[in-house]
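Here are my notes on the model you sent. Please read them with the structure open.

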Amino acid sequence: MEIHLARASVLDAEEIWNMQIEAFRELLEKYQDYETNPGSEPVEKVLARLEQPQTYYYFIMAGEHKAGAIRVVDFKNDSDRKRISPIFIMPEFRNRGYAQEAIASAERLHGDRNWELDTILQEPGNCHLYEKMGYRRTGKTKQINERMTLVFYVKE
C-alpha cells in the first residue's frame, strides 16, 4: 500500500502527541533518554511546534489510517537546512517501507536538497534507512547518556 502525507494543524496537536507517546514508548524504555525523547514531551511542546511558521507536520497516511507522522522544519530559504524531527511510524504499521516513502514525499514537497536529521546510533535500522535515502553522516555525534548516542546526518 502506498502512503501519502496529510498536513496537520494545531487542532491535531493532541492526536499527534498521543501517537508520538505510543510510537516512542519502546525507545524511551530502552534508552531512558527522558530529556530528548519525543515520547516524554508534554503536549504543549507539540502544540508550540505546530504554531511555528517554519514547521510542517504531516500525518503519514496508509489509505485512511494514520500510520505515523513526520515533522519538517523548512524556513523556505537557501541558507537554512530543512530538518526532519521527528518522524515516527506506529508499531502496527512498521517494517512496510512507510518511513522511506514518507521521507521521499516530504522531499518532493520541500525540495530534495539541503536536509539534516539525527537518529540513535545504537539503532542500526534507523541509520540504514537514512543512509539508503541518501543521507550521509557528518561525523558529529552527541552522547545523551551511557546507553545512547545521537548521530547526525545531512543530505546535500
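1. I start with E146. At 64% relative accessibility, E146 counts as exposed, because the cut-off for exposed is over 50%. Keep in mind that this is a predicted model.

2. Where is E146 found? E146 belongs to the loop between β6 (136-143) and β7 (149-155). The side chain of E146 has a polar contact with the side chain of R147, at 3.0 Å. For a sense of scale, take A6 as the other point. From C-alpha to C-alpha, A6 and E146 are 37 Å apart in space. In sequence, 140 residues separate A6 and E146.

3. Next, the aromatic residues. The structure holds 4 aromatic pairs. One of them is Y130 with Y135, and its geometry is edge-to-face. The ring centres of Y130 and Y135 are 6.3 Å apart, with 70° between the planes. Y130 and Y135 are both buried.

4. Y130 also pairs with Y153. Here the geometry is tilted, with 6.1 Å centre to centre and 55° between the planes. This pair links distant parts of the chain. Y130 lies in helix α4 and Y153 in strand β7, 23 residues apart. Y153 is buried, as is Y130. Which residues form one aromatic cluster? They are Y130, Y135 and Y153.

5. Y130 comes up again at the largest pocket. The volume of this pocket is about 1,100 Å³, and 41 residues line it. Nearest the centre of the pocket lie F24, I87, T119, N126 and Y130.

6. Which elements each supply at least two residues of that lining? They are α1 (13-31), β4 (82-89), α3 (98-110), β5 (115-120) and α4 (124-132). The largest share comes from β4, with 7 residues.

7. What is the make-up of the lining of the largest pocket? The residues divide into 19 nonpolar, 10 polar and 12 charged.

8. Two lysines deserve a look on the display. The charged end of K66 sits over the ring of F59, at 4.3 Å from the ring centre. K140 has its charged end over the ring of F152, and the distance to that ring centre is 4.4 Å.

9. Then turn to E146, which is exposed and sits in the loop between β6 and β7.

Definitions and conventions: Residues numbered from 1 in each chain as written. Predicted model: local features only at pLDDT ≥ 70, side-chain atom pairs only at ≥ 80, totals over all residues. Heavy atoms only, no water. 1 Å grid on protein atoms, 1.4 Å probe; cavity = no way out; pocket = protein on both sides within 12 Å on 5 of 7 lines; lining within 4 Å. Points joined across faces, edges and corners; volume = space filled by probe spheres on them. Helix = DSSP H or I, 4+ residues; strand = E, 2+ residues; numbered from the N terminus. Nonpolar A, V, L, I, M, F, W, Y, C, P; charged D, E, K, R; others polar. Buried < 20%, exposed > 50% of the residue type's maximum accessible area, 1.4 Å probe, protein only. Polar contact = N/O pair within 3.5 Å; in protein donor to acceptor, adjacent residues only side chain to side chain. Phe/Tyr/Trp six-rings, centres within 6.5 Å; stacked < 30°, edge-to-face > 60°. Lys NZ or Arg CZ within 6 Å of the ring centre and 35° of its normal.
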